[in-house]
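Here are my notes on the model. Please read them beside the sequence and the structure shown below.

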Amino acid sequence: ETPRKRSRQTQVQEPLMEPPMEPPMEPPGKQPPQVSPPEDPAPEAAPSAHILYVDHLNPQFSVPVLACLLRDMLERLELPVAREHIEVVRRPRKAYALVQVTAHEATLAALPWRLQAALEEHQIPKELVARGKELVLGEGPGPSSGKEEIEGQERLFQGAFLGNETRSVEFKRGGGEYLSLAFKHHLRRYVCAFLNSEGGSLFVGVEDSGLVQGVRCGHRDEDRVRLLVDSILQGFQPQVFPDAYTLSFIPVVSASAGSTPLKVIRLSVHAPKAQAEPQLYETDQGEVFLRRDGSIQGPLSGHAIQEWCRQKWAAELSKLEQRLTALTAEKEQLQQQLQQRAPVSCTCCVL
């Protein structure tokens with residue numbers, strides 16, 4: 001064989017191997033692209049504070065028993081909570097609870113089906129629920145909010161709507177240093193005006209729009225407010241007795257927990273009793289104020305005070321005239337009934 005044929009056979013017998021691929025040459029001045037490492041998944045949002053509303057509890061149990069049962073139930077629903085974060089409101093025919101929890105949104109969203117599964121597996125005692133009712137568990141203040149809570153003086157929910165200001169209702173936001181600076185001035189004006197009209201209530205911690213916000217008010221703040229109200233009203237003329245007003249501190253339930261609790265301060269002035277002659281109240285500083293359709297008028301001048309006395313006497317005289325007319329009509333009606341009834345005579349025969 002010729003040398004050319006041997007070399008061809010040798011090439012055929014050798015295994016075929018691809019030459020290593022060299023990276024393409026980049027033009028000068030251009031950097032090769034850098035591969036960034038894979039991004040980490042977005043971190044899970046931190047748990048936040050929420051208020052749970054639990055309704056249709058059995059009112060036959062006491063408050064401590066209901067709180068313990070609720071704590072055990074929430075632990076079975078994978079939502080542990082401390083005992084001091086459970087507030088149970090118990091009435092003769094109704095009981096509900098407000099629970100402050102710190103959890104993720106997904107955990108709260110899964111509560112309804114977890115509760116249903118626990119009920120089907122008999123993990124929650126039937127005695128916890130009121131007879132003929134179904135347990136209600138959800139986020140938010142629930143249906144028992146607004147004016148109903150004000151009347152019971154139990155608690156209010158931040159953001160609840162209390163209505164509009166009227167002649168007998170005044171709202172003050174009370175933010176910042178209100179309690180230490182402006183409250184005493186408003187106390188004199190509004191209490192004096194309510195006493196000189198038909199009574200009313202001053203709410204501190206409520207926006208002018210009627211939305212509940214609350215003011216930071218601890219136990220020491222409550223004591224200072226009580227002392228301030230008592231000391232100022234003692235200087236009123238005529239004297240204002242303690243049964244003429246009511247001072248209350250209504251807790252405000254808020255999703256954002258703080259070191260100092262939120263409260264709404266309500267000072268209610270009762271309508272003065274009818275007197276033999278009209279009485280005009282003045283503050284400890286000798287000023288006189290009146291309430292007129294949601295606004296305060298005053299301090300009054302001597303002419304305004306005389307006009308107030310004239311209108312007050314006219315109103316009292318009108319009431320007396322109406323009363324006299326009613327009594328006169330009643331007297332005439334009784335006389336007619338007596339005349340219509342003829343006397344019955346009896347004749348006795350003695351045999």
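1. Cysteine 68 is partly exposed, at a relative accessible area of 43%, whereas cysteine 217 is buried, at 0%. Buried means under 20% relative accessible area, exposed means over 50%, and partly exposed lies in between (1.4 Å probe, protein chains only). A disulfide is a pair of cysteine sulfur atoms within 2.5 Å; by this rule the count is zero.

2. This is a predicted model, in which local features need pLDDT of at least 70 and side-chain atom pairs count only at pLDDT 80 or more, while totals for chains, interfaces and linings use all residues. Residues are numbered from 1 along each chain as its sequence is written, and side-chain values use heavy atoms, with hydrogens and water left out.

3. The chain has nine helices and twelve strands. Helices (H or I, at least four residues) and strands (E, at least two) are DSSP runs, numbered from the N terminus. Of the 351 residues in the chain, 33% are buried. Contact means heavy atoms within 4.5 Å. Among contacts between residues at least 6 apart in sequence, 72% join residues at least 24 apart.

4. Four strands form an open sheet in the order S2-S3-S1-S4, with antiparallel pairing. Strands S2 (86-90) and S4 (136-139) stand at the edges with a single partner strand each, so one side of each has no neighbour in the sheet. From one strand to the next, the twist averages 20°. Two strands pair if DSSP finds at least two bridges between them; S2 and S3 (residues 95-103) run antiparallel and are joined by five. Valine 89 has tyrosine 96 in S3 as its bridge partner. Helix H2 (residues 63-76) packs on this sheet and touches S1 (48-55), S2 and S3, its direction making about 135° with that of S2. Here axes are lines fitted to C-alpha atoms, for helices over the stretch in contact, and angles run from 0 to 180 degrees between N-to-C directions.

5. Which residues of helix H7 are buried? They are Phe183, His186, Leu187, Arg188, Tyr190, Val191, Cys192, Ala193, Phe194 and Leu195. With ten of its 13 residues buried, H7 is largely enclosed by the rest of the structure. The expected span of a helix is 1.5 Å times one less than its number of residues. For H7 this gives 18 Å, and its end C-alpha atoms are 18 Å apart, which agrees.

6. Helix H8 (residues 219-233) should span 21 Å, and its end C-alpha atoms are 21 Å apart. The buried residues of H8 are Glu222, Val225, Val229, Ile232 and Leu233. Seen down the axis of H8, these fall within an arc of 110°, so they line one face of the helix; the arc is that of the directions from the helix axis to the C-beta atoms. His219, Arg220, Arg224 and Leu227 are exposed on the other side of H8. The cover over the buried residues of H8 includes helix H6 (178-181), H7 (183-195), strand S9 (245-253) and strand S10 (262-269).

7. Threonine 283 lies in the loop between S10 and strand S11 (290-292). At 2% relative accessibility, threonine 283 counts as buried. Leaving aside neighbours within four places in sequence, threonine 283 is in contact with Arg188, Cys192, Gly235, Phe236 and Phe289.

8. Strand S6 (residues 169-172) pairs with strand S7 (residues 200-204) in the parallel sense over four bridges. Glutamate 170 stands opposite leucine 202 in S7. From S6, Val169 and Phe171 point one way and Glu170 and Lys172 the other, and all are buried.
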